[in-house]
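Here is the note you asked for on this model. The points follow in numbered order.

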Amino acid sequence: MEFLESVDPQILVAAAVALVAVGVGAVFLFSSRKPRGSLDPENFKNFKLVKRTQLSHNVAKFTFELPTPTSILGLPIGQHISCRGKDSQGEEVIKPYTPTTLDTDVGYFELVIKMYPQGRMSHHFREMRVGDHLAVKGPKGRFKYVPGQVRTFGMLAGGSGITPMFQVARAILENPKDNTKVYLIYANVTYEDILLKEELDGLATNYAEQFKVYYVLNQPPEVWDGGVGFVTKEMIENHCPAPAPGVQILRCGPPPMNKAMAGHLNDIGYASEMQFQF
């Protein structure tokens with residue numbers, strides 16, 4: 001106390017102010033850091049299923065809990081995760097999936113899964129119940145989106161191949177600083193097979209100047225204003241950006257569709273560096 005009484009009061013005030021400034025700076029530094037991702041690229045980690053929403057007879061949305069309410073998955077835009085499960089014979093199976101959520105969705109991530117009758121991983125998801133855990137590893141993938149890397153994306157998706165397209169499109173459209181335009185052609189067999197239709201239509205409505213979607217059905221209903229049959233070269237020419245600098249075409253679908261789309265794109269004149277297949 002005698003020491004403090006002997007010190008100039010102005011020095012004590014200055015020291016107190018400096019300590020407060022250091023404390024505030026530390027708080028700002030730690031609070032401004034991006035949360036650490038929940039994934040491990042080398043090892044599988046278990047995530048608890050907290051909600052399962054049936055979207056159709058063979059499609060469901062699975063919501064998984066992250067470690068804390070403020071945790072993020074930590075998945076770069078355009079990349080995917082590997083999921084591990086067991087097939088109907090009890091054998092281990094690993095398959096890649098793309099979440100429909102972004103890192104702006106904190107505390108959870110979601111997978112929209114189409115479960116095929118003979119699908120090995122489909123069996124695992126079909127059997128999953130709230131409270132079960134899914135083994136996940138990642139991030140994985142060759143594609144990593146950086147805002148502004150292209151002027152315009154054309155997207156060709158078939159079936160469950162819509163999920164990486166939806167992830168990229170949503171990241172672009174929800175970023176007010178990203179002016180990239182997106183043109184999506186989405187092919188399915190029947191109307192009921194269209195995944196994320198409500199969400200896609202919402203994006204088309206809310207970002208009408210930046211996002212366009214054209215649906216194609218092999219077996220359309222009687223009243224239908226979209227494309228009919230398979231995706232043709234003419235459909236791509238009419239509903240995707242023409243080959244030009246700053247244009248890239250992404251494709252993701254069943255192998256026969258990917259092969260056919262590659263042929264169409266080459267015929268139209270898209271160079272190999274203008275194409276990417278998930």
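How many bridges join strand 2 to strand 5, and in which sense do the two strands run?

1. Strand 2 and strand 5 run antiparallel and are joined by seven bridges. As one residue pair in this predicted model, Lys61 has Val112 in strand 5 as its bridge partner.

2. Strand 2 also pairs with strand 1 (residues 45-54), in the antiparallel sense and over six bridges. Strand 1 and strand 2 make a hairpin, with four residues between them. Within this pairing, Lys51 is placed opposite Thr63 of strand 2. Of the seven residues of strand 2 (residues 59-65), five are buried, so this strand is largely enclosed by the rest of the structure.

3. Lys48 is a residue of strand 1. Its relative accessible area is 36%, which means it counts as partly exposed, the class between the cut-offs of 20% and 50%. Beyond four places in sequence, Lys48 contacts Thr63, Phe64 and Glu65, and also Gly131, Asp132 and His133. For Lys48 and Asp132, the C-alpha to C-alpha distance is 5.8 Å, while 84 residues separate them in sequence.

4. Six strands make up an open sheet with parallel pairing, in the order 10-9-8-7-11-12. Strand 10 (227-228) and strand 12 (275-277) are the edge strands; each has a single partner strand, so one side of each has no neighbour in the sheet. Inside the sheet, strand 7 and strand 8 run parallel and are joined by seven bridges. Met155 has Leu184 of strand 8 as its bridge partner.

5. Helix 4 lies across strand 7, strand 8, strand 9 and strand 11, and runs at about 150° to strand 7. Helix 5 packs on the sheet as well, where it touches strand 8 and strand 9, and its direction makes about 140° with that of strand 9.

6. Is helix 4 buried or exposed? Of its 12 residues, 12 are buried, so helix 4 is largely enclosed by the rest of the structure. The buried residues include Pro164, Gln167 and Arg170, along with Ile162, Met165, Phe166 and Leu173. The elements that cover them include strand 5 (108-114), strand 7 (152-158), strand 8 (181-188), helix 5 (197-206), strand 9 (211-217) and strand 11 (247-252).

7. Gln248 is located in strand 11. Its relative accessibility is 12%, so Gln248 counts as buried under the 20% cut-off. Outside four places in sequence, the contacts of Gln248 are Phe143, Gln149, Val150, Thr152, Phe153, Gly154, Glu273, Met274, Gln275 and Phe276.

8. Most residues other than glycine have a negative phi, and most peptide bonds are trans. Leu196 is not a glycine, yet it has a positive phi of about 60°. Leu196 sits in the loop between strand 8 and helix 5, and at 8% relative accessibility it counts as buried. The peptide bond that joins Gly138 and Pro139 is cis, with omega about 0°. Pro139 belongs to strand 6 (residues 133-140).

9. On cysteines, the structure holds zero disulfides. Cys83 has 0% relative accessibility and therefore counts as buried. Cys240 is buried too, with a relative accessible area of 8%.

10. Which parts of the model have pLDDT under 50? Residues 1-5 are one such stretch, and the model has one contact for them beyond four places in sequence. Residues 11-32 also have pLDDT below 50, with two contacts in the model beyond near neighbours in sequence. For the protein as a whole, the average pLDDT is 90, and 88% of the residues score at least 70.

Definitions and conventions. Residues are numbered from 1 along each chain as its sequence is written. This is a predicted model: local features need pLDDT of at least 70, side-chain atom pairs count only at pLDDT 80 or more; totals for chains, interfaces and linings use all residues. Side-chain values use heavy atoms; hydrogens and water are left out. Buried means under 20% relative accessible area, exposed over 50%, partly exposed in between (1.4 Å probe, protein chains only). Contact means heavy atoms within 4.5 Å. Two strands pair if DSSP finds at least two bridges between them. A disulfide is a pair of cysteine sulfur atoms within 2.5 Å. Axes are lines fitted to C-alpha atoms, for helices over the stretch in contact, and angles run from 0 to 180 degrees between N-to-C directions. pLDDT is the predictor's confidence in each residue, from 0 to 100.
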